[in-house]
Amino acid sequence: MKVFFPKFDKVGVPLLGVAAAALLILEAKRQLRRRTRPKVERLLENGSLAATALPALRLLLLPALYGTARWSVRNHFGLLPRLTLPRWAQHMFGFVLLDYGNYLWHMLMHKSSILWRFHNVHHIDLDLDVSTAWRFHVGENFASVPFRGGVVALLGVPAPLVLFYEVIFEGCTAFHHSNLRLPYKLEKQLCKLIVTPRMHGIHHSIVQRETNSNYSVIFSWWDRLHQTLRLNVPQQEITIGVPAYQDPSEQTLSYLLRLPFQKQRAWQLPDGTVPEREELLPQNILIP
Ligand SMILES: [Zn+2]
């Protein structure tokens with residue numbers, strides 16, 4: 001199995017590092033939602049969790065996806081090699097469909113009680129910023145191998161496209177998790193095409209109906225297509241997190257690593273109330 005991807009490591013990863021650093025600076029200057037916890041504490045917590053998860057992504061998930069793509073194309077297994085498309089169209093089509101696969105995977109993590117145990121670790125962050133983009137339980141990376149590998153095999157995408165998609169995927173994940181306040185008019189247009197910070201902020205709300213919307217990763221049109229789009233929530237009214245996990249003292253590396261294997265708490269605040277919100281505008285209207 002090919003594990004070394006020089007272009008990805010020498011070009012893609014440094015570019016992602018620059019993008020993350022730029023977003024960190026920008027989100028500090030133009031803050032979208034109020035912070036509830038000290039930034040440095042969260043950077044350390046999310047950074048330590050990322051340090052346990054990223055090796056699995058780089059050394060297992062990526063090589064598995066790359067190897068599967070090569071196998072699929074060589075054996076004319078997937079969809080794309082069967083369509084007699086020009087090379088550029090094959091790449092474009094493959095890129096878009098890979099993104100659709102990730103929309104479905106993200107939705108599945110919310111619908112499956114077993115997968116949610118792992119994805120919950122990402123969602124119980126009490127603030128949302130660039131560091132949340134890499135806050136994942138390593139089990140989520142392991143679990144994604146068969147699903148994302150299956151999508152790659154069924155599509156038969158060119159193997160280098162898998163790596164290119166991953167760089168854009170990670171960059172977009174950093175962007176939409178950031179706490180960056182974009183000009184409202186710009187974001188209103190931008191969220192017609194890609195997932196933006198306001199759109200994804202709603203996905204991290206403690207209101208369950210809001211969490212169970214906006215699953216898209218790069219292109220926002222998958223949520224429009226499946227009617228899971230929700231933009232009508234004012235950002236200043238969003239409480240980030242999961243209601244039963246609001247205690248900051250639980251945000252330790254050891255607790256986060258153990259969380260998927262513990263009894264999951266019901267979707268309610270410690271006093272038993274279930275967070276709700278009245279909807280005043282149609283779902284597809286972005287509110288500042
Ligand atoms: Zn999610």
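## Overall make-up

The protein chain has twelve helices and zero strands; here helices are DSSP runs of H or I with at least four residues, strands are E runs of at least two, and numbering starts from the N terminus. This is a predicted model, in which local features need pLDDT of at least 70, side-chain atom pairs count only at pLDDT 80 or more, and totals for chains, interfaces and linings use all residues. Residues are numbered from 1 along each chain as its sequence is written.

## Size and packing

Let's look at the chain as a whole. Its C-alpha atoms fill a box of roughly 55 × 40 × 35 Å along the principal axes.

Two residues are in contact if their C-beta atoms, placed from the backbone, lie within 7 Å. Among contacts in the protein chain with a separation of 6 or more, 78% come from residues 24 or more positions apart.

## Two helices side by side

How do helix α1 and helix α7 cross? The axes of α1 (residues 6–29) and α7 (residues 159–177) come within 10 Å and cross at roughly 10°. Axes are lines fitted to C-alpha atoms, for helices over the stretch in contact, with angles from 0 to 180 degrees between N-to-C directions. That makes α1 roughly parallel to α7, since angles under 35 degrees count as roughly parallel, over 145 as roughly antiparallel, 65 to 115 as roughly perpendicular and the rest as oblique.

On the α1 side, the residues that meet α7 include Phe8, Gly12 and Leu15; their partners in α7 include Leu163, Val167 and Glu170. The residues of this contact divide into ten nonpolar, two polar and one charged. Ala, Val, Leu, Ile, Met, Phe, Trp, Tyr, Cys and Pro count as nonpolar, Asp, Glu, Lys and Arg as charged, and the others, Gly among them, as polar.

## A look at Asp99

Asp99 is found in helix α4 (residues 87–111). Is Asp99 buried or exposed? Asp99 counts as buried because it has 20 C-beta neighbours inside 10 Å. Leaving aside neighbours within four places in sequence, Asp99 is in contact with Val217, Ile218 and Phe219. Asp99 and Pro14, 85 residues apart in sequence, are 23 Å apart in space, C-alpha to C-alpha.

Methods
A residue is buried if 20 or more other C-beta atoms lie within 10 Å of its own, exposed if 12 or fewer, and partly exposed in between; C-beta atoms are placed from the backbone.
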